[in-house]
Amino acid sequence: MYKYYGKKSLEETAQSAIAQIRERKYSEELKMKGITDSQIKEYGVAFEGKTVLIVD
């Protein structure tokens with residue numbers, strides 16, 4: 001289990017980052033600029049000291 005980051009775990013924080021990316025529809029902006037679905041990656045990142053969690 002990950003240490004808690006504030007009131008959220010690293011996992012929860014990273015998942016929140018992905019949710020925010022999707023809510024703001026960043027991929028739609030990229031598609032309008034000619035970037036294809038296969039080129040677009042969504043990652044949630046959370047840090048705690050030297051510990052980094054990246055989820056997709």
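This is a predicted model: local features need pLDDT of at least 70, side-chain atom pairs count only at pLDDT 80 or more; totals for chains, interfaces and linings use all residues.

Student: Is S27 buried or exposed?

Tutor: S27 is buried, because its relative accessible area is 17% and the cut-off for buried is under 20%.

Student: And which residues does S27 touch, leaving out those up to four places away in sequence?

Tutor: I40 and E42.

Student: OK, new topic. How many salt bridges are there in the whole structure?

Tutor: A search finds 3. In one of them, E42 pairs with R22, and the closest N and O atoms are 2.6 Å apart. That pair links distant parts of the chain: E42 sits in the loop between α2 and β3, while R22 belongs to helix α1, 20 residues apart.

Student: How accessible are E42 and R22?

Tutor: E42 is partly exposed at 23% relative accessible area, and R22 is also partly exposed, at 48%.

Student: What does K31 pair with?

Tutor: K31 forms a salt bridge with E28, at 3.6 Å from N to O, and another with D37, at 2.9 Å. Those shared partners join E28, K31 and D37 into one network.

Student: How are K31 and E28 placed in helix α2?

Tutor: They are 3 residues apart, so about one helical turn separates them.

Student: What about exposure in that network?

Tutor: K31 is partly exposed at 34%, E28 is partly exposed at 40%, and D37 is exposed at 53%.

Note on methods
Residues are numbered from 1 along each chain as its sequence is written. Side-chain values use heavy atoms; hydrogens and water are left out. Buried means under 20% relative accessible area, exposed over 50%, partly exposed in between (1.4 Å probe, protein chains only). Contact means heavy atoms within 4.5 Å. A salt bridge is a side-chain nitrogen of Lys or Arg within 4 Å of a carboxyl oxygen of Asp or Glu. Helices (H or I, at least four residues) and strands (E, at least two) are DSSP runs, numbered from the N terminus.
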